[in-house]
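Hi everyone, thanks for coming. Let's have the sequence and the structure up on the screen, and then I'll walk you through them.

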Amino acid sequence: MSKGLPELVMYKNRLQEYTQKLGLPLPEYLIRNEGFQHAPKFRARVLVNGKSYVSVGTFPQRKEAEQDAAKVALQSINEARNDGGCPNVQDPTYCKMILFEYAVKMNLKRPEYSTTGGEQIRPVFMSTLIFDGKVYQSEEARSKKIAEQLAARVAIQSLLGILQQIINSKYKAQDSVYEAKNPRSNQSNLPAPSAPVASSRMANYISPSTSKLESVSPTCNCSSETKRKPQTSNQTQKKLRRHLQ
């Protein structure tokens, strides 16, 4: 970045350098006034490599809105580059090399490129790629090298789409097998069964401290053995007399 220039001024330049490096069409800016004529609020939209990026806020000047849109585009492009979750083929710089290494590892025929163009005042190149029995066409580019890179990118994107479909089908099949082995039921949503309520008589025997049944001996008015009545004094005297006689 040049000294003496604010960072905001450099976003459009950096975005233009990015497109020129990759041989892509120059960024195209579209301006819309969301305010009034005496108090304009400009919002900008920039088109880069077939994608659209919109400025976050509105600005009183067109140039500020364009710079903000360029900033959003650069941030999005950088995030796509650093995203390790999925393959990023937006930047076609290494697409020819990637496709070539893929062909070597898979023991396939090498990619064949047929590029035309460059005869006009403003050179425009287009490349046709034949790989694994399929034909892929590139977008317009400013050089033969970039046109071939773009054709290789189309082939890679097609291969990634097929691989993604295969991956999704495998995971769906795995989920179906798991659901068959572990059928879902609504029993988990039912309330837990409540404990049986003791009867009124049985509840009287439950100790509130231990919540256990206490042993209660049954009461009975009669005994298994008959009790002997105590002997009176007259009966004792009669027995002595009989013994003396």
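Which residues in the largest nonpolar core touch the most other members? Keep in mind that this is a predicted model. The answer is Leu-15, Val-46 and Tyr-53, out of 22 residues in that core. The elements giving two or more residues to this core are α1 (7–22), β2 (42–48), α2 (62–82) and α4 (144–181). Helix α2 supplies the largest share, seven residues.

Let's stop at Val-46. Leaving aside neighbours within four places in sequence, Val-46 is in contact with Leu-15 and Tyr-53, and its partners also include Pro-27, Tyr-29, Ala-69, Ala-70 and Ala-73.

There is another core, apart from this one, with eleven residues, and Leu-129, Phe-131, Ala-151 and Ala-155 are among them.

Two of those names bring us to strand β5, residues 125–131. In a regular strand, side chains alternate between the two faces of the sheet.

What about the neighbours of β5? Strand β4 (residues 112–117) pairs with β5 in the antiparallel sense over six bridges, with Gly-117 facing Phe-125 as its bridge partner. Strand β6 (residues 134–137) also runs antiparallel to β5, joined by four bridges, one of them between Ile-130 and Val-135. β5 and β6 make a hairpin with two residues between them, and Asp-132 in the turn has a positive phi of about 55°.

Last stop, the surface: Ile-162, Leu-163, Ile-166, Ile-167 and Tyr-171 form a nonpolar patch with about 460 Å² of accessible area together. Ile-162 lies in helix α4 and is partly exposed, at 35% relative accessible area.

Technical notes: Residues numbered from 1 in each chain as written. Predicted model: local features only at pLDDT ≥ 70, side-chain atom pairs only at ≥ 80, totals over all residues. Heavy atoms only, no water. Core = buried A, V, L, I, M, F, W, Y, C linked by side-chain atoms within 4.5 Å. Buried < 20%, exposed > 50% of the residue type's maximum accessible area, 1.4 Å probe, protein only. Contact = heavy atoms within 4.5 Å. Patch = residues over 30% accessible without salt bridge, like charges linked within 9 Å, V, L, I, M, F, W, Y side chains within 5 Å. Areas by Shrake-Rupley, 256 points an atom, 1.4 Å probe, with all protein chains shown as cover. Salt bridge = Lys/Arg side-chain N within 4 Å of Asp/Glu carboxyl O. Pairing = 2+ DSSP bridges.
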